[in-house]
Amino acid sequence: ALSSLAVPVPKIETVACVGLGLMGHGIAQSAAQSGFKVVAYEQEDRFLEGGRSRIEGSLGKMLKREKITQDKYDEVMSRITYTTNVEDLASSDLVVEAVIENMDLKKKIYSNLGTVCKEDAIFASNTSSLSITEMGDVSGRPDRFVGVHFFNPVQMMKLVEVIKTDHTHPEIFDAAKGWVGDINKVAVSCTDTPGFIVNRLLVPFLTQALLMVDRKDASIKDIDISMQLGAGHPMGPLHLADYIGLDTINNIITGWVENFPDEPAFVVPKCLTEKIEAGDLGRKTGKGFYHWAEGDKRG
């Protein structure tokens with residue numbers, strides 16, 4: 001069958017990772033471990049070095065636990081090139097962006113990448129809650145644009161939501177899903193809908209638990225025990241909210257309320273706003289709905 005794509009699908013061999021934070025370094029590492037050449041990009045040296053030491057630390061742990069050999073460690077590290085020069089991304093086949101959830105920043109990056117990267121390169125955003133369609137438009141190549149939403153920690157979590165917009169070409173979408181399989185992850189497909197699959201179900205569920213706290217329907221502890229023992233959840237919703245970060249949940253839900261005011265499932269619970277204002281963001285600050293010490297729940 002003849003392709004209806006003016007520019008053919010590239011064979012994905014070199015993957016650029018834009019942003020080497022919590023998610024980006026894990027994506028770069030996963031790609032390198034699966035045999036891809038990786039160009040790891042940050043705008044500033046200090047962030048670049050931060051990303052490098054995260055990857056070294058993560059692989060170093062695997063080496064120590066004898067999950068990988070010294071040879072494998074060296075081989076994976078040798079596949080990654082670190083750079084602060086955006087021109088070094090010019091010949092990458094797939095560009096995965098994992099910068100912070102700020103639409104203006106992402107748009108700026110994509111309009112720049114659109115001119116720098118070769119014309120058959122595929123663009124993929126690791127956003128968890130922003131519009132893929134909007135970013136695709138700015139990139140100048142909406143037909144070659146997808147979402148690839150990884151989960152934290154990337155090295156451990158198998159799922160990747162692959163997102164298509166109304167403009168994404170089917171062959172490009174298939175290539176992106178194929179790559180996700182090539183780095184030993186499980187790809188699921190979704191349209192460009194708020195929160196995709198996981199967050200669209202998870203965040204309103206967490207919100208409902210927080211609204212129960214607002215109404216004093218049940219205690220925090222009893223809500224969590226109920227979902228563990230009654231629904232087979234590994235941890236209850238308030239424990240999970242603390243674990244994810246209350247600021248993260250708040251950012252997602254406030255964004256949704258703003259953009260989709262008519263959706264009744266999108267609502268900001270009062271107790272969430274109070275925690276945020278008090279600076280109690282969950283596990284990362286030592287206090288949220290629970291007290292935490294050294295990253296462990298302490299009651």
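**Notes on the predicted model**

1. Helix α6 (residues 170-182) lies across β1 (14-18), β4 (94-97), β5 (122-125), β6 (145-150), β7 (159-164) and β8, and runs at about 170° to β7. Helices (H or I, at least four residues) and strands (E, at least two) are DSSP runs, numbered from the N terminus. Contact means heavy atoms within 4.5 Å. Axes are lines fitted to C-alpha atoms, for helices over the stretch in contact, and angles run from 0 to 180 degrees between N-to-C directions.

2. The model is predicted: local features need pLDDT of at least 70 and side-chain atom pairs count only at pLDDT 80 or more, while totals for chains, interfaces and linings use all residues. Residues are numbered from 1 along each chain as its sequence is written, and side-chain values use heavy atoms, with hydrogens and water left out.

3. The sheet is open and has 8 strands, in the order β3-β2-β1-β4-β5-β6-β7-β8, with mixed pairing. The edges are held by β3 (80-83) and β8 (186-191); each has a single partner strand, so one side of each is left without a neighbour in the sheet. On average, neighbouring strands of this sheet are turned by 25° against each other, direction ignored. Two strands pair if DSSP finds at least two bridges between them.

4. Strand β2 (residues 37-41) runs parallel to β3 and is joined to it by 4 bridges. In this pair, tyrosine 41 stands opposite threonine 83 of β3. β2 also pairs with β1, in the parallel sense and over 5 bridges. There, tyrosine 41 of β2 stands opposite valine 18.

5. How many residues of β1 are buried? The count is 5 of the 5, so β1 is largely enclosed by the rest of the structure. Buried means under 20% relative accessible area, exposed over 50%, and partly exposed in between (1.4 Å probe, protein chains only). Thr14, Ala16 and Val18 point one way from β1, Val15 and Cys17 point the other way, and all are buried. In a regular strand the side chains alternate between the two faces of the sheet.

6. The axes of helix α7 (residues 198-215) and helix α10 (residues 246-259) come within 11 Å and cross at roughly 100°. The two helices are therefore roughly perpendicular to each other (angles under 35 degrees count as roughly parallel, over 145 as roughly antiparallel, 65 to 115 as roughly perpendicular and the rest as oblique). From α7, Asn199, Arg200, Val203, Pro204, Leu206 and Thr207 meet Ile249, Ile252, Ile253 and Trp256 of α10. By class, this contact has 7 nonpolar, 2 polar and 1 charged residues. Ala, Val, Leu, Ile, Met, Phe, Trp, Tyr, Cys and Pro count as nonpolar, Asp, Glu, Lys and Arg as charged, and the others, Gly among them, as polar.

7. Helix α9 (residues 237-244) has 6 of its 8 residues buried, so it is largely enclosed by the rest of the structure. Its buried residues are Pro237, Leu238, His239, Leu240, Ala241 and Asp242. Glycine 245 follows α9 and has a positive phi, near 115°.

8. The structure holds 13 salt bridges, a salt bridge being a side-chain nitrogen of Lys or Arg within 4 Å of a carboxyl oxygen of Asp or Glu. Lysine 106 meets glutamate 97 in one of them (2.4 Å, N to O), and both residues are buried. Lysine 106 also forms a salt bridge with glutamate 101, where the closest N and O atoms are 3.4 Å apart. Lysine 106 has 0% relative accessibility, whereas glutamate 101 is partly exposed at 38%.

9. Arginine 215 has its place in helix α7. Its side chain meets that of aspartate 217 in a salt bridge (2.9 Å, N to O). Aspartate 217 is partly exposed at 41% relative accessibility, and arginine 215 is partly exposed at 49%. Elsewhere, salt bridges that share partners join Asp93, Lys118 and Asp120 into one network. Arginine 215 and lysine 270 are 55 residues apart in sequence and 9.7 Å apart in space, C-alpha to C-alpha.

10. Some backbone angles deserve a look. Most residues other than glycine have a negative phi, and most peptide bonds are trans. Glutamate 66, in the loop between α2 (45-64) and α3 (70-78), has a positive phi of about 60° and is exposed at 71% relative accessibility. Phenylalanine 196, in the loop between β8 and α7, has a positive phi of about 55° but is buried, with a relative accessible area of 4%. The peptide bond from asparagine 152 to proline 153 is cis, with omega near -5°; proline 153 is found in the loop between β6 and β7.
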